[in-house]
Each structure stands twice: as structure tokens, then as C-alpha cells.
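Thanks for making time this morning.

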Amino acid sequence: MSKLRPLHDRVIVKRLEEERISAGGIVIPDSATEKPTRGKVIAAGNGRIQEDGKVRPMSVKEGDTVLFGKYAGQEIKIDGEELVFLKEDDIVAVIEG
């Protein structure tokens, strides 16, 4: 994969697949599943540049698993891999553990 470095408060996320089997053991087809809102941070920028010129560091880093809004970001395909470009503000939580 090409080396990507997002600028400022941007983050590149690879969506993580959701479970395709229900609690009752029913297999859910691809056409019935929604796009996952969970992903792994592939790359993150340095942080937001504030009005005084200082850089506020990012709250997320490469390797973090995050939750983001269903319609957040911009989807792109690079080297055959589907990725999502997000602003740090579009991330609602970091999954720890």
C-alpha cells in the first residue's frame, strides 16, 4: 500500500468488518448489513492548528480502534483497499482493551 500522511487533524481509517452471524446463529448476507462504523486508524496527522498558530496534538494515533459516524468522512480506494478519510471531530470514541 502507498504511504499516506494525512495533514493537520485528518485521520485515515480502515473499516473493520462487523459480525455476519446473529446471536441465534442466522447468517446475515452482505446485502442486509450496513457499513461498519468501527475502524482501525492507519495514519493520523499532527493535529489541528489553532488560531494562535500552536498545534493541538491528536487524541488518536496509528493502531487505535475507533468508532465514527455512519455518514462521516470520505471513502476512497487506494491500491485496491477501501479507506475512509475523517476529521478528528468525526471520531466519537476510541475502543480500548
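Before the sheet itself, one convention: two strands are taken as paired if DSSP finds at least two bridges between them. What you see here is a predicted model, and in it 6 strands form an open sheet, in the order E6-E7-E1-E2-E5-E8, with antiparallel pairing. Strand E6, residues 74–78, and strand E8, residues 91–95, stand at the edges with a single partner strand each, so one side of each is left without a neighbour in the sheet. On average, and ignoring direction, neighbouring strands of this sheet are turned by 40° against each other.

Let me now turn to strand E2, residues 38–44. With E1, strand E2 pairs in the antiparallel sense over 5 bridges, while 3 bridges join E2 to E5, again antiparallel. For Lys40, the bridge partner in E5 is Thr65.

Which elements give two or more residues to the largest nonpolar core? That core has 11 residues, among them Val11, Val13, Val41, Val66, Phe68, Val84 and Leu86, and the elements in question are strand E1 (10–15), strand E5 (65–68) and strand E7 (81–87). As general background, nonpolar side chains tend to be buried together in soluble globular proteins.

Finally, leaving aside residues up to four places away in sequence, Val84 touches Val11, Ile12, Val13, Arg15, Ala72, Gly73, Gln74 and Glu75; of these contacts, Val11, Val13 and Ala72 are, like Val84, members of the core.

Note on methods
Residues are numbered from 1 along each chain as its sequence is written. This is a predicted model: local features need pLDDT of at least 70, side-chain atom pairs count only at pLDDT 80 or more; totals for chains, interfaces and linings use all residues. Side-chain values use heavy atoms; hydrogens and water are left out. A nonpolar core is a set of buried Ala, Val, Leu, Ile, Met, Phe, Trp, Tyr and Cys residues joined through side-chain atoms within 4.5 Å. Buried means under 20% relative accessible area, exposed over 50%, partly exposed in between (1.4 Å probe, protein chains only). Helices (H or I, at least four residues) and strands (E, at least two) are DSSP runs, numbered from the N terminus. Contact means heavy atoms within 4.5 Å. Axes are lines fitted to C-alpha atoms, for helices over the stretch in contact, and angles run from 0 to 180 degrees between N-to-C directions.
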